Amino acid sequence: MFNIFIKMKVGANMAIDREAVKEHIRGLLVALGDDPDREGLKDTPDRVARMYEEVFEGMNYSNHEIAEMFNKTFEDDLEFASENSDLVIVRDIDIFSYCEHHMALMYDMNVTVAYVPKGKVIGLSKIARIADMVSKRLQLQERIGSDIAEIMTEITESEDVMVVIEGCHSCMTARGIRKSAAKTQTVTARGAFLNDAAMQMRVLK
């Protein structure tokens, strides 16, 4: 039912259809046994549709388009000593997302992004913006890391990228097994990070 509210645009992009979301949320309220016309719910379909446009904004763009959106790098007067494995590491990027399996919230998510510059660096705020935009999709935590790494490689032209994410999944904490303290950590390692334990530890410590 829910994938009906995503309609194809020209090309590979997708756009959220607000009116279709409203229609299906209203139907969902009926299916749950409630009255969508009662005072507390009459504006809920519109509220949910507007919320979905915000929290699923990243579904409007491909990874390549996100890379183009945040492609702000600096090249002048930069010297990197490759023999020293110079790293840029940004920690504690807070994001949230929605699991594609249950459309349940993934929360208290903390992202660390590291890369080895190859002659240019990306603006630090852009790394946080990339993580934020990638998370605004129906996602898997593993894919969020992979998407961030792919975009970082396209922008920086460096294959040496590592993304570490830790977060809580309400499909585990609020339903099913209901283990409220459970956290999931995923690690995406590319290039030199794959086999260099010392580089990995600099990011993981």
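Modeller: We may begin with helix length: the expected span of a helix is 1.5 Å times one less than its number of residues. Please bear in mind that this is a predicted model.

Colleague: What should helix 2 span, and how far apart are its end C-alpha atoms?

Modeller: Helix 2 covers residues 44-55, which is 12 residues, so at 1.5 Å a residue the helix should span 16 Å. Its end C-alpha atoms are 16 Å apart, which agrees.

Colleague: Which residues of helix 2 are called buried?

Modeller: Buried means under 20% relative accessible area. In helix 2 the buried residues are Thr44, Pro45, Val48, Ala49, Tyr52 and Val55.

Colleague: Why are the buried residues of helix 2 said to line one face?

Modeller: Viewed down the axis of helix 2, the buried residues fall within an arc of 140°, so they line one face of the helix. In general, an α-helix has 3.6 residues a turn, so residues three or four places apart point the same way.

Colleague: Why are helix 1 and helix 2 called oblique to each other?

Modeller: Helix 1, residues 18-31, packs with helix 2 at an angle of about 130°, and their axes are 8 Å apart. Angles over 145 degrees count as roughly antiparallel and 65 to 115 as roughly perpendicular. The two helices are therefore oblique to each other. Among the residues making the contact are Val21, Ile25 and Leu29 of helix 1 and Val48, Ala49 and Tyr52 of helix 2.

Colleague: What is the handedness of the crossing of helix 1 and helix 2?

Modeller: The crossing of helix 1 and helix 2 is right-handed.

Notes:
Residues numbered from 1 in each chain as written. Predicted model: local features only at pLDDT ≥ 70, side-chain atom pairs only at ≥ 80, totals over all residues. Heavy atoms only, no water. Helix = DSSP H or I, 4+ residues; strand = E, 2+ residues; numbered from the N terminus. Buried < 20%, exposed > 50% of the residue type's maximum accessible area, 1.4 Å probe, protein only. Arc of directions from axis to C-beta. Axes fitted to C-alpha atoms, helices over the stretch in contact; angles between N-to-C directions. Parallel < 35°, antiparallel > 145°, perpendicular 65-115°, else oblique. Left-handed = near helix turned anticlockwise from the far one by under 90°. Contact = heavy atoms within 4.5 Å.
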